[in-house]
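Please walk me through this structure in the viewer, one selection at a time. Tell me what to pick next and what is there.

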There are 2 protein chains.
Amino acid sequence: MKTYPGNKLIDRLYNAVAEKGHVCLGLDTDYSYLPDAFGTKFASPAEAVYAFNREVIDATLDVSTVYKVQIAYYEAMGLAGLDCYAKTLAYLREKKAIVIADVKRGDIAKTAEMYAQAHFTGDFEADFITVNPFMGMDTLKPFYPYLEKKDKGLFVLVATSNPGANDIEGILAADGESVSEKTGAMVAGENAAFLGESGYGMIGAVVGCTNKNQTDRIRARLENVFFLIPGYGAQGGKAEDMKYYFKDGNGGVVNSSRGILLARNKPEFAHLSFAEAARAECVRMREDIQSAL
Amino acid sequence: MKTYPGNKLIDRLYNAVAEKGHVCLGLDTDYSYLPDAFGTKFASPAEAVYAFNREVIDATLDVSTVYKVQIAYYEAMGLAGLDCYAKTLAYLREKKAIVIADVKRGDIAKTAEMYAQAHFTGDFEADFITVNPFMGMDTLKPFYPYLEKKDKGLFVLVATSNPGANDIEGILAADGESVSEKTGAMVAGENAAFLGESGYGMIGAVVGCTNKNQTDRIRARLENVFFLIPGYGAQGGKAEDMKYYFKDGNGGVVNSSRGILLARNKPEFAHLSFAEAARAECVRMREDIQSAL
């Protein structure tokens, strides 16, 4: 697959997809996901989760294109959990992995500037963060200086994969366009100022793969917008639906979290350690998506 | 003003408004807001912010009805900042203050359960949290067990006060209703299952006071929904607009953050310490709102 010489973050992500495939490994690591015999070796759940994350990361660096760390699982463990979150991000940086912090923050003005500082610098620094656009494009603008000067990126919620997504995202305006479509168009407009050599920009979109018609229309209209695609596996998304989300086999990554973290529970991986099983599931998923393109 | 015997959180908030007025003191405490001579006495910005918060809290407990702590300002300081956030919440609990954690989290399923655990238990426990409903009513449901069993509450973004709020919240559906109005109606529907003696429910709404026409319509339709009202002062909201948001002088609290935290910079409070000035501004704001009702 084609790669580009650009060294912007979005080009590095594009090239990583070309080289390694579409797997985004979600480190939504709940303590209950750890094998009992592993988890109980540590002084605290947070320490156990960090050790688990390290083993999964070590086993998957060459088959996972990007890692998505879901901060909610760490916040739920309080201060110790956020220490574990910071350490997990530091370990991924050390390994030169590309990291999406799935924080879904969304605020305005100085508060949004604070979120930018929180997640693009310091203890919680990541490459990309997810953003909730409900309050409008005001939620994005305070991040732009970081996109330009620190080579950071955003993935903005546009069409999510949950059953209730239609409550608000599916509201149809008088012109027949949904809130998702209008949001997508606004995101594409903002993204146009941040394009890399690959043709994609630093402001991507979260587009779930469980609503094919809706996302098919969005893909056609958002040709420079890179997609973070949740919903594969557990939520019902299938590889055969994926072809609608890519262009020339690139332009998106597909997230799987529990499917990978708990892959050891699959009969075909039962003989493997949790880390080996995570790796085997990344390989299986990568081939599943590749075969459908 | 009337009070109710109910001992649910929402009734306690209602009664606190009847007794103390409408002031919601926003602890959006940036280190730069501290007087130089105060901030530099501490080993770290986070420690200084915690000490500043304590002094402001001590000075305002009888004139501030509820405190809203904006987590973004603490996240921006990394782990030390979240330690300061946890300590500030603990101090407010110790003082038996009612606390809104302004976290604007919004996610679904197990991830939303993790946010509920994070902000309704443990290090970051608060009474109310703010929630972003973009992903639909799925974002609210995982919090309901806490509303019922732990006497917690939500404030859901419905019509915010920022200039770009119309980008998404202002999209008009084919029937002429805005996304804000439709969101408000959904929130009111959910809230109906959680009513207290006062007639208000545990699922409130964030309704900014800078868009009078829009919020006037929302108020008329959401009679059991308690309002958290941002936009007073710095963002242009005036006390005279407030009457559209209340019913019998109750049913909402009005947030001010910088206006209170930096009140010492007002000429009329220049002779006061920062904490005395914060208190004086709470009293002034309370009377300003009261006089307009």
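**Aromatic pairs in chain B**

Select Tyr200(B) and Phe226(B): both residues are buried. The model is a predicted one. A search of the whole structure gives 26 aromatic pairs over all chains. One to display is Phe120(B) with Tyr146(B), where the ring centres are 5.8 Å apart and the planes stand at 40°, so the pair is tilted. Phe120(B) sits in helix H6 of chain B and Tyr146(B) in helix H7 of chain B, so this pair ties together parts 26 residues apart in sequence. Colour by accessibility and Phe120(B) comes out as buried, with a relative accessible area of 0%.

Go back to Tyr200(B) and Phe226(B), whose rings form an edge-to-face pair, with 5.6 Å centre to centre and 80° between the planes. Tyr200(B) is in the loop between helix H8 (179-191) and strand S6 (203-207) of chain B, and Phe226(B) is in the loop between helix H9 (212-221) and strand S7 (227-229) of chain B; the pair links distant parts of the chain, 26 residues apart.

**A ring cluster in chain A**

Switch to chain A and select Tyr14(A), Phe128(A), Phe155(A), Tyr200(A) and Phe226(A). Ring pairs link Tyr14(A), Phe128(A), Phe155(A), Tyr200(A) and Phe226(A) into a cluster.

**The interface**

Show both chains. The contact takes 56 residues from chain A and 56 residues from chain B. Between them, chain A and chain B bury about 4700 Å², with 62% of that area on carbon and sulfur atoms.

Six salt bridges are found across the interface of chain A and chain B. To see a salt bridge, pick Lys110(A) and Asp30(B), whose side chains meet at 3.2 Å, N to O. The interface of chain A and chain B also has 25 residue pairs in polar contact, both residues at pLDDT 80 or more.

Now hide chain B and look at the side of chain A that touches it. Elements that each supply at least two residues to that side include helix H5 (78-94), strand S3 (99-105) and helix H8 (179-191) of chain A. The largest share, seven residues, comes from H6(A). By type, the residues on that side of chain A divide into 30 nonpolar, 13 polar and 13 charged.

**Two backbone angles**

Most residues other than glycine have a negative phi. Select Ala109(B), in helix H6 (residues 109-120) of chain B: its phi is positive, near 50°. Ala109(B) is partly exposed, at 44% relative accessible area.

Finish at Asp151(B), in the loop between helix H7 (144-149) and strand S5 (153-159) of chain B. Asp151(B) has a positive phi of about 60° and is partly exposed, at 22% relative accessible area.

Methods
Residues numbered from 1 in each chain as written. Chains lettered and ligands numbered in written order. Predicted model: local features only at pLDDT ≥ 70, side-chain atom pairs only at ≥ 80, totals over all residues. Heavy atoms only, no water. Helix = DSSP H or I, 4+ residues; strand = E, 2+ residues; numbered from the N terminus. Buried < 20%, exposed > 50% of the residue type's maximum accessible area, 1.4 Å probe, protein only. Phe/Tyr/Trp six-rings, centres within 6.5 Å; stacked < 30°, edge-to-face > 60°. Contact = heavy atoms within 4.5 Å. Buried area = accessible area lost by both parts, 1.4 Å probe. Salt bridge = Lys/Arg side-chain N within 4 Å of Asp/Glu carboxyl O. Polar contact = N/O pair within 3.5 Å; in protein donor to acceptor, adjacent residues only side chain to side chain. Nonpolar A, V, L, I, M, F, W, Y, C, P; charged D, E, K, R; others polar.
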